[in-house]
Amino acid sequence: MPEPQQEGVRLQKVLAAAGLGSRRACENLMLEGRVEVDGEIVSQMGLRVDPARSVIRVDGKRLPPPRDHAYVMLNKPRGVVTSMNDERGRPDLRTLVGDRPERLFHVGRLDTDTSGLLVMTNDGDLAHRLAHPSFELGKTYVALVEGEVGDRVGAQLRAGVDLDDGRAVVDRFTVKDVTTGRSLVELEIHMGRNRIVRRLLDHVGHPVIELTRTAFGPLRVGALASGRARDLTRDELGALFDSVDA
């Protein structure tokens, strides 16, 4: 059990500030054994914590530390350049999030012809972790491809193929639909190399017609409309911090 601290903020106040209810309701969460601090269940009302450093969970879900940063999910449309200021004057991310007060930057990239989930933030530390290959965040894509994809293609991609910049492996591959001359497939991959999904599918004889990223780590684009952006929820942000040990 964490020891009471003279410095810091009372735990029930931190929980209430995170939107989990009144202080009394948050005290009840603690009494019910639903709150953890740094891996230990806490029912002690006098406990003070450092909300920026302590890992706090409620019902097993990470409570993200309070920060003066923005964390945004964007559903990037096709034809939009992953840049806040395209030198060639093409539609860029400013057209979608330029009215926000924060100075946001994108985490990773999506090709101009690729649509889907893009994370934007002004938290440089988290952005560095999310982009770092050591954390190997999975990314899920749905692709409309040329040709009728057979069973061997998934086995081949999961086993790995040799591209011009090294071997590449797909973690998961599913054929969702096959029609005359076209197939709809879903794949998950951890690698972040340039145009990796397009190059993989082209290598196995099924060039991409349309490509959309539907998930990034624990985040899912869900029903977010193309061209729209929204702030991450508390649970999404907590899961994102957990995914990179932040």
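1. Helices (H or I, at least four residues) and strands (E, at least two) are DSSP runs, numbered from the N terminus.

2. Keep in mind that this is a predicted model, where local features need pLDDT of at least 70 and side-chain atom pairs count only at pLDDT 80 or more, while totals for chains, interfaces and linings use all residues. Residues are numbered from 1 along each chain as its sequence is written, and side-chain values use heavy atoms, with hydrogens and water left out.

3. Now to α2, which spans residues 23-31: its buried residues are Cys26, Glu27, Leu29 and Met30. Looking down the axis of α2, these buried residues fall within an arc of 155° (taken from the directions from the helix axis to the C-beta atoms), so they line one face of the helix. Arg24 and Leu31, on the other side of α2, are exposed. Among the elements covering the buried residues of α2 are α1 (11-17), β2 (35-37) and β5 (56-58), where contact means heavy atoms within 4.5 Å. Just after the helix, Gly33 has a positive phi of about 75°.

4. Next, α7 (residues 234-243). Here Glu236, Leu237, Gly238, Leu240 and Phe241 are buried. They pack against β6 (61-63), β7 (71-76), α4 (124-131), β16 (219-220) and β17 (229-231). Asp245 follows α7 and has a positive phi, near 55°.

5. How many aromatic pairs does a search of the whole structure find? One. The rule is that rings of Phe, Tyr and Trp (its six-membered ring) pair if their centres lie within 6.5 Å; planes under 30 degrees apart are stacked, over 60 edge-to-face, and the rest tilted. The ring centres of Tyr71 and Phe241 are 6.1 Å apart with planes at 70°, so this pair is edge-to-face. Since Tyr71 sits in strand β7 and Phe241 in helix α7, the pair ties together parts 170 residues apart in sequence. Tyr71 counts as buried because its relative accessibility is 8%, and Phe241 counts as buried at 1%.

6. Last, have a look at Pro207, in the loop between α6 (196-203) and β15 (208-216). Its relative accessibility is 24%, so Pro207 counts as partly exposed. Leaving out residues up to four places away in sequence, Pro207 touches Leu144, Val145, Glu146, Leu201 and Asp202. Pro207 and Glu146 are 61 residues apart in sequence, yet 5.6 Å apart in space, C-alpha to C-alpha.

Key. Buried < 20%, exposed > 50% of the residue type's maximum accessible area, 1.4 Å probe, protein only.
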